[in-house]
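Visitor: I would like a close look at one part of this model. Please keep it brisk.

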Amino acid sequence: MNRRMNHEVRLKYRPIGMPKESDFEIAETAVPEPGEGEVLVRNIFLSVDPYMLGRMYERKSYVPPFALGKPLDGGCVGEVVQSGHEKYRTGDYVLGSKGWREYYVSEGSEITKIDTSAVPAETYLGVMGMPGMTAYYGLLHIGQPREGQTVFVSAASGAVGSVVCQIAKIKGCRILGSAGSDEKIRWLTEEAGIDAAINYKKTDDLTAEVGSHCPDGIDIYFDNVGGTHLEAAIEHMNNNGRLVLCGMISQYAGQRSGPRNIFLAVSKRLLLQGFIIRDHQDIRGQFYKDMGRWITEGRIRWKDTVVEGIENAPAAFLGLFSGDNVGKMLVKV
Ligand code: NDP
């Protein structure tokens, strides 16, 4: 009989606007007992992601809202600590979707064994995981970059943005990134090797600043932010430019702003295409192959921001909206 305790993060109240830490609660429960043919997983890293905010409200979306008083769900990597399943052994590392808790039981179909021989397990929540695949699909399939083109990326130092920048570089593009601190700007230009970066929090006129860095216009805009960033990009897009609408984090808590110049999409013949990565699982094999190779060749770098302790998961999540992370925001359980 296993007498260790499990801790999980539950949504206590539906937030009004931006959530507060008091909208969450940490609950202590018994470690669940796996039944016949089941697996007990101890989570090691939890992913907190901007899209989770949408699930905290009672609103219609592509995923149902989180239930009140129940543990939240999310990407996680963990270790199998007990197994009655023929496919999994104790000590295997697995990728799952039962995050925001220390332990969970799985009947095996919704977890995936991960290969940690070449990259650390947590990489499957970042560059080798959902954010990396989002960057890969959005840039290559929608953006369709060609050598010599100019690519503008917002939230450029984040989990998705930092991979977009580096894939665009591999494809021979010129890259302008935007991020919210000088430390992030330094990482982007000195480590990730992008051509120019703007600290958007230090400019009064983002549109003018973007224009000054793109004398030949923008061919591809990868949008993670929306609002004034999208407006600035539209202003400087070249004819037939492509705007990859990946996310609009500046709008998730109910803000509704811009772009006021959307009419330019007509005369510039722009393509604005949104996407949700879960619709594109068919590219996973190719993504692992390409990303694995780029990592081995040293062409993709990454930085994680790791917050320790499951009790700090709500703060880590909220930190995404105040820019506390460089690269992937992770919680180490
Ligand atoms: P990040 O790692 O980029 O973290 C979020 C970052 O957004 C913060 O670090 C912060 O950086 C920036 N930010 C927060 N609020 C604002 C704001 N008001 N204005 C400008 N920047 C802001 O997160 P992800 O890489 O996980 O996600 C990036 C985007 O991609 C999000 O919009 C997300 O919803 C979207 N996404 C979409 C998917 C899809 O399938 N379409 C899948 C995965 C992610 P800074 O310091 O620069 O402000």
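Leaving aside its neighbours within four places in sequence, which residues is Asp92 in contact with?

Guide: First, the ground rules. This is a predicted model, where local features need pLDDT of at least 70, side-chain atom pairs count only at pLDDT 80 or more, and totals for chains, interfaces and linings use all residues. Residues are numbered from 1 along each chain as its sequence is written, and side-chain values use heavy atoms, with hydrogens and water left out.

Now Asp92. Beyond neighbours within four places in sequence, Asp92 touches Gly78, Glu79, Val80, Lys87 and Lys113. Contact here means heavy atoms within 4.5 Å. Asp92 sits in the loop between strand E4 (76-83) and strand E5 (93-96). Strands are DSSP runs of E with at least two residues, helices are runs of H or I with at least four, and both are numbered from the N terminus.

Is Asp92 buried or exposed? Asp92 counts as buried because its relative accessibility is 16%. The cut-offs are under 20% relative accessible area for buried, over 50% for exposed, and partly exposed in between, with a 1.4 Å probe and protein chains only. The side chain of Asp92 also has a polar atom 2.8 Å from the backbone nitrogen of Arg89.

Elsewhere, helix H5 (residues 206-213) has buried residues too: Leu206, Val210 and Gly211. They lie on the same side of H5, because their arc around the axis is only 135°. That arc is taken over the directions from the helix axis to the C-beta atoms. The buried residues of H5 pack against strands E8 (150-153), E9 (174-179), E10 (196-199) and E11 (218-223), and against helix H6 (227-236).

Notes:
Polar contact = N/O pair within 3.5 Å; in protein donor to acceptor, adjacent residues only side chain to side chain.
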